[in-house]
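Biologist: I'd like to learn how to read a fold like this one. Could you walk me through it?

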Amino acid sequence: MQLEDALLRFDTSTIVSSEAHRYDPISANVEELYSDRKAKYPHNAPPDWRWCRHLQVLDLQGYVTIPNFIPLEQLSHVREHLESALQNPASCKHVHFYDESIPHFTKVKHPLIQAPSILPIAVGDKMSALVSEYFGCTPLLGAVNLRKSYVTGEPPGGNQLYHVDQNTTLMLKVFFYLHDVDISAGPFMYVRATNHFKHPGWEQKYIWSHKEIIDIYGIENTIPLTAKAGDAVLALTHKGFHCGLPPTEKERSMLTLNYMIHPETHGTWQIGQEQYNSLTPTQQCLVEAFERI
C-alpha cells in the first residue's frame, strides 16, 4: 500500500480549526535549564561513532531510523505486558476522537509499573549512550507512552493530524513499534526538514490537516516512517510537523519515550521504588523526575 492509497481511505479534505501553537511556558527558561543539566550531569565520553552518523541525519531532516536497536526477545516482553494491561480496564485509558463508542487507541496509564520490561530499554546502556550523545549530558526520561491503535474507518483526529509538540523546545522522541509496521498499520509520519523550515504563520494553529500539510509541503515530503520491530525511530517532534497515520488494515502497538532536560509539566509519571533502587546512579539520573511509589 502507498501513502496515497491510505489517504484515500479517509476524508482528508477538511480544513482544521484549532488554538494557536504555544510552547509550554517552561520553555522560556530552556537554555538555562539545559546549562544546569549539562553542568550537573556532563557527558564527557568521546564521540560515539555508532550514533554520530544517525544523529547527523536526525539534525538534517528531523527524523532517522536506527535498524535493529533492541533485540526482538526484549521487545516481545513489552508486547506481552501491553496485551496483559489491555485486559484490565483500570490499567488503561481509551481515547476517542469522534464516536464515544469507537476508541482510536488505548494507552496504558502507568507504563513503567504495568510494563516493567520497558525500563531496561528506556535506561539501558545503549539508550543512555545514544541520548547522552545527542544532548551532551544525561537527560531526563519524560513521558512514556505504551499504546495500541485501532482500525476505525473514521477521519483522522487528535494526534493523527499534523502538529508540532508544545511541551518543550528541546526533546528527543524515540519510537519502537512492537511489530513490523507498514503503511496499512498506520506509521508515524514526519514532514521532512520542517525541523529547520516551516511555512510563514505555522504557529497560528496547533493542528493542521493532511490536506493543508500536503498542499504546503508536497506529499513527497510527508514521510511515513515504516519500520520493523526492534528498529528505533528518532524524531524531533518539538521542531517539525508530524502525526500518526490512522491504521487502515492492521492495528499498531507502539512504545514512545520522551527524553528532555526538564521534567514534563503535564501528567504524572511513576516508577516503583524497587525498580528505582535496582538502577545504577546514571540510570537513576534518567528517571529522577518520576514519582516513586
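Modeller: We'll take the sheets, then a helix, then the pocket. This is a predicted model, where local features need pLDDT of at least 70, side-chain atom pairs count only at pLDDT 80 or more, and totals for chains, interfaces and linings use all residues. Residues are numbered from 1 along each chain as its sequence is written, and side-chain values use heavy atoms, with hydrogens and water left out.

Biologist: In what order do the 7 strands of the open sheet run?

Modeller: General idea: strands of a sheet pair through backbone hydrogen bonds, either parallel or antiparallel. Here strands are DSSP runs of E, at least two residues, and helices are H or I runs of at least four, numbered from the N terminus. Two strands pair if DSSP finds at least two bridges between them. The order is 1-8-5-10-4-3-2, with antiparallel pairing. Strand 1 (63-66) and strand 2 (92-95) each have a single partner strand, so one side of each lacks a neighbour in the sheet. From one strand to the next, the twist averages 25°, with axes fitted to C-alpha atoms (for helices over the stretch in contact) and angles running from 0 to 180 degrees between N-to-C directions.

Biologist: How many bridges join strand 4 to strand 10?

Modeller: There are 8, between residues 140-149 and residues 252-260. Asn 145 has Thr 256 in strand 10 as its bridge partner. Helix 3 (residues 49-61) packs on this sheet, touching strand 1, strand 5 and strand 8; contact means heavy atoms within 4.5 Å.

Biologist: And the sheet of 3 strands, what is its order?

Modeller: That open sheet reads 7-6-9, again antiparallel. Strand 6 and strand 7 pair over 4 bridges, and Val 191 stands opposite Thr 222 in strand 7.

Biologist: Is helix 7 mostly covered or uncovered?

Modeller: Buried means under 20% relative accessible area, exposed over 50%, partly exposed in between (1.4 Å probe, protein chains only). In helix 7 (residues 125-135), 8 of 11 residues are buried, including Met 127, Glu 133 and Phe 135. Gly 136 follows, with a positive phi near 75°.

Biologist: Which residues lie nearest the centre of the largest pocket?

Modeller: A pocket is an open set of points on a 1 Å grid over the protein atoms alone, where a 1.4 Å probe fits, with protein on both sides within 12 Å along at least five of seven lines; lining residues have an atom within 4 Å of a point. Asn 145, Arg 147, Asn 159, Asp 165 and Lys 173 lie nearest the centre, among 42 lining residues. Strand 4 gives the most to the lining, with 5 residues.
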